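Please look over the sequence and the structure shown below before reading on. The report that follows goes through a few details of the backbone and of strand pairing.

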Amino acid sequence: MNGVTYMAGITYKCPSCGGYLTFDPEAQLWKCPFCDSEFEESGLTEKDEASAQKAAQPAADDGHSQLVYHCPSCGSEIMTDETTVATQCYYCHSPVVLQGKLTDEWLPDSVIPFTISKEQAVETFMNWVKSKKYVPKAFFNQAQIESMQGVYYPHFVTECEVEGQLSGEGRTVGVTETTREIITTTNHYHVVRGGRLRFKNIMRPALTKANRKLSDGIHPFPLNQAKPFANAYLSGFLAERRDIDESAIRPEIEQEVGQYVRPLLETDMPYQSTSLQTSASLKGMKSQYVLLPTWVLTYPNKKDPQDPYYYAMNGCTGEICGKLPIDISRLRRTSLIIFAAVFAIGCILSYFMF
Ligand SMILES: [Zn+2]
Ligand SMILES: [Zn+2]
């Protein structure tokens, strides 16, 4: 199929004035920026269930067909990436949740709502940049920092058990001396040990294009603040849907948890020497599909436009990850001053010495 399917996005309309509602991280409520009305969760999630049924019918993702959404506010066409599930209308800036992309198997189990507002995120980033030395002046650009966007990224939160087995030989050596001879006794023991380890809250990105360095750098997220998923939390933010299955993260999880088996089973061996083998098998792996709140900022890189600077900030804790560039000229100037100071001290010393 190569058809174009037209679908409706949802914008959560303000019941008081007809404007739109967005989720407010500080108040943990939905607010209308036009008339300042506030709304609690219950009414919005009910509406969510009603519209989810309507959206269930399209054969949305057979890979080739294109989905075009219409902005509920101005009717403009919204083109998006395959994995985008919440965005902003390019023309009228209304928040739009793209229905039909998060149903059935794509429906997240939960979402951790943002608790850091954009204003707080901008301030936190500014303070972070200020705390670093030799950062180019361009990084203090308020307008650039305000282009920061809140994105919900898909993750798997996994729990599993590992069954570990250890077997092999342990040896003890005893030496007895008599007047006529030295007797060395070696005892050989057959060693078998086993144990089960339980792991919880192993986090893995569920999006192929995720920048691992950045997304791993802002953990942990407060999983106790997770809410059962509702589209309404996405209003006012961008959101991505997962594009990999749990089976894709299994080898990596297996490898990670497997590392703990040997050191744990090998502790307190009462032998002088051993030759041991261990094996580990993963049992009962279960993953939750969770959307995590992240503030994302991009700076153009003048030297290499293909490689912009990316920053990610945890939308609950404010933890930032990303590498700031160093302004060589500022660094040189400082080094020069330090060099000059050392030289001056050197001169004074030599002055005193001779
Ligand atoms: Zn309103
Ligand atoms: Zn619009």
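Is Gln28 buried, partly exposed or exposed? In this predicted model, Gln28 is partly exposed, because 14 other C-beta atoms lie within 10 Å, whereas a residue would need 20 or more to be buried and 12 or fewer to be exposed.

## Positive phi in two loops

Gln28 belongs to the loop between β2 (22-24) and β3 (29-31), and although Gln28 is not a glycine, its phi is positive, at about 55°.

A positive phi is also found at Tyr134, a residue other than glycine, where the value is near 60°. Tyr134 sits in the loop between α2 (118-130) and α3 (142-145), and it counts as partly exposed because it has 15 C-beta neighbours inside 10 Å.

## Strand β7 and its partners

Strand β7, made of residues 84-88, pairs with strand β13, residues 238-240, in the antiparallel sense over two bridges. Within this pairing, Thr84 stands opposite Glu240 of β13.

β7 also pairs in the antiparallel sense with strand β8, residues 95-98, and here there are three bridges; Gln88 has Pro95 in β8 as its bridge partner. The hairpin of β7 and β8 has six residues between the strands, and in this hairpin His93 takes a positive phi near 65°.

## A cis peptide bond

The peptide bond that joins His219 and Pro220 is cis, with an omega of about 5°. Pro220 lies in the loop that runs between α4 (212-217) and β12 (227-228).

Note on methods
Residues numbered from 1 in each chain as written. Chains lettered and ligands numbered in written order. Predicted model: local features only at pLDDT ≥ 70, side-chain atom pairs only at ≥ 80, totals over all residues. Helix = DSSP H or I, 4+ residues; strand = E, 2+ residues; numbered from the N terminus. Pairing = 2+ DSSP bridges.
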